[in-house]
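Trainee: I would like to learn how to read a structure model of a protein. Please take me through the features one at a time.

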Amino acid sequence: MTETTIRRFGQGPLSRVSALVYTLLVVELLLLVTTLPGLIGLVLLGRDAANIPLAAACALPAGPALSAALYAVHRTKPDLTDLHPASAFRRGYRMNVRGVLKLYLPWLAWLTVLGSTLANFGAAGVPGWWATLLVVVALATALWGANALVITSLFAFRARDVARLAAYFLFSAPRVALGNACLLVVAGGVTLVATEAALTLLGSVFASALLLNSRPLIAGVTEKFTVQGDSPESSRDDS
């Protein structure tokens, strides 16, 4: 077998698809492992407004796990002979967990407040248009969180800078926001029709879709807010 043949092996279209499928399967398995305690709690909880704070507590492991999934999928190489999704997931989890939680915890707490308010809106005795306003605020919060998760997963910025960039690209990259809104609708539909477990089983696919949709955001951050247009990898400390 010649050196040219060796170079070509693992680099064709079929090999690229196989590499992606393998990566998504491994990342999905690791997502399930890292979110299992919270997932069990979510499945056991009834769909009652009183359980919203408990559901939020069960969702705590999802933030760092999804961040690690984003990092691992982003670092995937199309070469079938050079795949290390498990090690990339572990590295991403280790590097991102603290930074993600600094933003994820207040984000989740704020969504919990909004969700509890909307679920008990009838008892609040406020005008009906407040419900529309709260829905808009909740959607904006969710979209901001999606931007923040992508940025903090791929770049080494301080939490307050990530928060500002996530808000900035919410308006400067409207197509990203629209695409993420569609992903949120699909995720909500899967949860309503099936269960939270079904959504988790599609976690790596949603992470891949979020990355694909966020390419303009990633390119914008790389070009405008890193030194001399460094790539996301070079703005991260991989040690």
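This is a predicted model: local features need pLDDT of at least 70, side-chain atom pairs count only at pLDDT 80 or more; totals for chains, interfaces and linings use all residues.

Trainee: How many helices and strands does the protein chain have?

Mentor: Helices (H or I, at least four residues) and strands (E, at least two) are DSSP runs, numbered from the N terminus. Here the protein chain has 12 helices and 0 strands.

Trainee: What share of the residues counts as buried?

Mentor: Buried means under 20% relative accessible area, exposed over 50%, and partly exposed in between, with a 1.4 Å probe and protein chains only. Of the 239 residues in the protein chain, 39% are buried.

Trainee: What share of contacts joins residues at least 24 apart, among those between residues at least 6 apart in sequence?

Mentor: A contact means heavy atoms within 4.5 Å. For the protein chain the share is 76%.

Trainee: Which residues touch the most other members of the largest nonpolar core?

Mentor: In soluble globular proteins, nonpolar side chains tend to be buried together. A nonpolar core is a set of buried Ala, Val, Leu, Ile, Met, Phe, Trp, Tyr and Cys residues joined through side-chain atoms within 4.5 Å. The largest one here has 47 residues, and F89 and L217 touch the most other members. Helices giving two or more residues to this core include α5 (85–119), α7 (129–154) and α12 (215–225). The largest share, 8 residues, is from α7. Beyond its neighbours within four places in sequence, L217 contacts N147, V150, I151, F169 and V176.

Trainee: At what angle do α7 and α12 pack?

Mentor: Two packed helices are described by the angle between their axes and the distance between the axes. Axes are lines fitted to C-alpha atoms, for helices over the stretch in contact, and angles run from 0 to 180 degrees between N-to-C directions. For α7 and α12 the angle is about 50 degrees, and the axes are 11 Å apart. α7 is therefore oblique to α12; angles under 35 degrees count as roughly parallel, over 145 as roughly antiparallel, 65 to 115 as roughly perpendicular and the rest as oblique. The contact joins N147, V150, I151 and L154 of α7 to L217, I218 and V221 of α12.

Trainee: Which classes of residue make up the contact of α7 with α12?

Mentor: Ala, Val, Leu, Ile, Met, Phe, Trp, Tyr, Cys and Pro count as nonpolar, Asp, Glu, Lys and Arg as charged, and the others, Gly among them, as polar. This contact has 6 nonpolar, 1 polar and no charged residues.

Trainee: Where does T35 lie, and is T35 buried or exposed?

Mentor: T35 lies in helix α2 and is buried, at 10% relative accessible area. Leaving out residues up to four places away in sequence, T35 touches P61, A62, A65 and T200.

Trainee: Where is K77?

Mentor: K77 sits in the loop between α4 and α5. Its relative accessibility is 46%, so K77 counts as partly exposed. K77 and R16 are 61 residues apart in sequence, with 8.5 Å from C-alpha to C-alpha.

Key:
Residues are numbered from 1 along each chain as its sequence is written. Side-chain values use heavy atoms; hydrogens and water are left out.
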